[in-house]
Amino acid sequence: MSSMLANRPIVISGPSGTGKSTLLKKLFAEYPENFGFSVSNTTRQPRAGEVNGKDYHFVAVDDFKKLIEEKAFIEWAQFSGNYYGTTIKAVEDVAKAGKTCILDIDMQGVKSVKQTNLNARFLFLAPPSVETLRKRLEGRGTETQESVEKRIAAATAEIEYSKTGAHDQIIVNDDLDKAYTELKQFIFEK
């Protein structure tokens, strides 16, 4: 499969609330022809404004489990009672369009992608601190206190994992413009 992927996929991971979506939106706006997002599958309900096939492929639990059985996923995980996963086809579709695939996945996903022949590059986006992350999550107004606590626990584990050398680079998002400049430097260094 890696021979198909002329541009190495880029895996971006980091806790919820570190600014991954914000940075990726800036990147896609500035370079609309260069990159493609692998569209993940999920069993959760769409949030306001999310579009099926663009933000996620929203699927039923039974359909998701069938894809697991068929070994269609590069990585998948269950989080907060819902399934999320990236199919091999989603990454191949981006490569076939002549773009560099960007994967926004969690720690388990990073571990799974490392076991494929995708030859990906790995970037970790870290918050300035766990306390800052908590404030960002609470500031969204979309998370329950229980959800915030789960995300903080997951974030702590991901931050620890990032210290193991699993990623090619770590960017601390304490300043959006600085983080964006560092993101572009990482992405465009071949």
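Biologist: Morning! Before we start, what kind of model is this?

Modeller: Morning! This is a predicted model, so treat everything I say as computed from it.

Biologist: Fine by me. Let's start with the sheet that holds β2 and β9. What is the strand order there?

Modeller: The order is β2-β7-β1-β8-β9, five strands in an open sheet with parallel pairing. The edges are β2, residues 35-37, and β9, residues 169-172, and each of them pairs on one side only.

Biologist: And how much are neighbouring strands turned against each other?

Modeller: On average by 25 degrees, direction ignored.

Biologist: Zoom in on β2 for me. How many bridges does β2 share with β7?

Modeller: There are 3 bridges between β2 and β7, which covers residues 100-104, and the two run parallel. F37 has I102 of β7 as its bridge partner.

Biologist: Pick another pair. How do W76 and Y83 sit against each other?

Modeller: W76 and Y83 make a tilted pair, with 5.8 Å from centre to centre and 45 degrees between the planes.

Biologist: Are those two buried or exposed?

Modeller: W76 is partly exposed, since its relative accessible area is 38%. Y83 has a relative accessible area of 11%, so Y83 counts as buried.

Biologist: Which strands pair around there, and in what sense?

Modeller: β5, residues 73-79, and β6, residues 82-87, pair in the antiparallel sense over 6 bridges. One detail is that Q78 has Y83 of β6 as its bridge partner.

Biologist: What about the turn in that hairpin? How many residues are between the strands?

Modeller: The hairpin has 2 residues between β5 and β6, and S80 takes a positive phi near 50 degrees. S80 is a residue other than glycine, and S80 is partly exposed because its relative accessible area is 38%.

Biologist: Where else is there a positive phi in a residue that is not a glycine?

Modeller: K71 is one, with a phi of about 55 degrees. K71 belongs to the loop between α2, residues 61-69, and β5. With a relative accessible area of 69%, K71 counts as exposed.

Biologist: I keep looking at N41. Is N41 buried or exposed?

Modeller: N41, which lies in β3, counts as buried because its relative accessibility is 6%.

Biologist: Change of topic: charges over rings. Which ring does the charged end of K114 sit over?

Modeller: The charged end of K114 sits over the ring of F122, 4.1 Å from the ring centre. There is also R121, whose charged end sits over the ring of F186, 4.3 Å from the centre.

Biologist: Last one, helices. How do α5 and α6 cross?

Modeller: The axes of α5, residues 130-140, and α6, residues 145-162, come within 10 Å and cross at roughly 145 degrees. The crossing is right-handed.

Biologist: Which residues meet there?

Modeller: On the α5 side, V130, L133, R134, L137 and E138 take part. They meet a set in α6 that includes Q145, V148, R151, I152 and I159.

Definitions and conventions:
Residues numbered from 1 in each chain as written. Predicted model: local features only at pLDDT ≥ 70, side-chain atom pairs only at ≥ 80, totals over all residues. Heavy atoms only, no water. Pairing = 2+ DSSP bridges. Helix = DSSP H or I, 4+ residues; strand = E, 2+ residues; numbered from the N terminus. Axes fitted to C-alpha atoms, helices over the stretch in contact; angles between N-to-C directions. Phe/Tyr/Trp six-rings, centres within 6.5 Å; stacked < 30°, edge-to-face > 60°. Buried < 20%, exposed > 50% of the residue type's maximum accessible area, 1.4 Å probe, protein only. Lys NZ or Arg CZ within 6 Å of the ring centre and 35° of its normal. Left-handed = near helix turned anticlockwise from the far one by under 90°. Contact = heavy atoms within 4.5 Å.
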